[in-house]
Amino acid sequence: MKSILCTIILVVAASIGFAQTKSEGTPPNSVEQQIINLERERLKAFAQADKAAFERLVTDDLTITHGYGEVLTKAQEMSVMRPSTPERPLPALSIEDPKVRVYGDAAVMTGSLVETNRDGRRELVLRFTNTYVKQKEQWRMVAGQLTTLSRERAIAKVDPKIYDAYVGQYRNPRGRILTVMRDGDRLVIEVGGQKLEIFPESETQFFFKEDDVLLVFVKDEQGRVVRLVNRRPNGDVVQEIKIK
């Protein structure tokens, strides 16, 4: 989540509800259907933190460009794998409208990924384009691209005491100063004299109700907040460095 978390692709391991592929025009033993099945298998491996299966299904030079603009490698994707637990449940993910085009030993798969919370509400819809290549008679994913289409964020319950670590001033590359302050049990950002409340999506990720911007507080190895990552709907990522 880490940002991957963000915008990152997770499934509830205990109840994986992948959408069934429409079979019209797609023979069950065709290459197209094989690719769709491999995509489901890859997502299931990710959800269950099955690194051996995940490694088998992707190339060593895999890259995935997430909806917030960050490009992650195979190692980075695998570093955030974790199974869903009652304490830290992951959203369910379904694949909708999958289509595959085959070009010899390469194939391009498109479709939509839908994250659904435990109450059945669609929280996030992403459009994906994944490229597969055939290596040693096996299809593997080599690249992925995600684009956020819509998002419905829910406010998480967190202890307001954690806000104290985020309070301070942050400077972006253009020199603009952004001030984070605590107002009782609320966390507020002031920019140019305007104050806006931000709401927790998790203990480190926050959002505005008025705009689809995700703010992520990043800590160093000692647990100190050192910067604020501003991820915008168009994919831009701005690093705000904490100055005091």
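Glutamate 70 lies in the loop between strand 1 (58-65) and strand 2 (71-73), where strands are DSSP runs of E of at least two residues, numbered from the N terminus. The model is a predicted one, in which local features need pLDDT of at least 70 and side-chain atom pairs count only at pLDDT 80 or more, while totals for chains, interfaces and linings use all residues. Residues are numbered from 1 along each chain as its sequence is written, and side-chain values use heavy atoms, with hydrogens and water left out. Glutamate 70 has a relative accessible area of 27% and is therefore partly exposed; under 20% counts as buried, over 50% as exposed and values in between as partly exposed (1.4 Å probe, protein chains only). The C-alpha atom of glutamate 70 is separated by 9.4 Å from that of arginine 231, which is 161 residues away along the chain.

Two further residues are placed within strands. Serine 112 belongs to strand 4 (residues 106-116) and is buried, at a relative accessible area of 11%. The side chain of serine 112 forms a polar contact of 3.2 Å with the side chain of arginine 127. Such a contact is a pair of N or O atoms within 3.5 Å; within protein, one must be able to donate a hydrogen and the other to accept it, and residues adjacent in sequence count only if both atoms are side-chain atoms. Glutamate 240, in strand 14 (residues 237-242), is buried because its relative accessibility is 0%. A polar contact of 3.0 Å joins the side chain of glutamate 240 to the side chain of arginine 176. Leaving aside residues up to four places away in sequence, glutamate 240 touches Tyr170, Arg171, Asn172, Arg176, Leu178, Arg227, Leu228 and Asn230, contact being defined as heavy atoms within 4.5 Å.

Aromatic pairs were also examined. Seven were found in a search of the whole structure; rings of Phe, Tyr and Trp (its six-membered ring) pair if their centres lie within 6.5 Å, with planes under 30 degrees apart counting as stacked, over 60 as edge-to-face and the rest as tilted. The pair of tyrosine 163 and phenylalanine 206 is edge-to-face, because the ring planes stand at 65 degrees, with the centres 5.8 Å apart. This pair links distant parts of the chain, 43 residues apart: tyrosine 163 is in the loop between strand 6 (138-151) and strand 7 (168-171), and phenylalanine 206 is in strand 11 (residues 205-207). Both tyrosine 163 and phenylalanine 206 are buried. Ring pairs join Tyr163, Tyr166, Tyr170, Phe206 and Phe217 into a cluster.

Methods: Helices (H or I, at least four residues) and strands (E, at least two) are DSSP runs, numbered from the N terminus.
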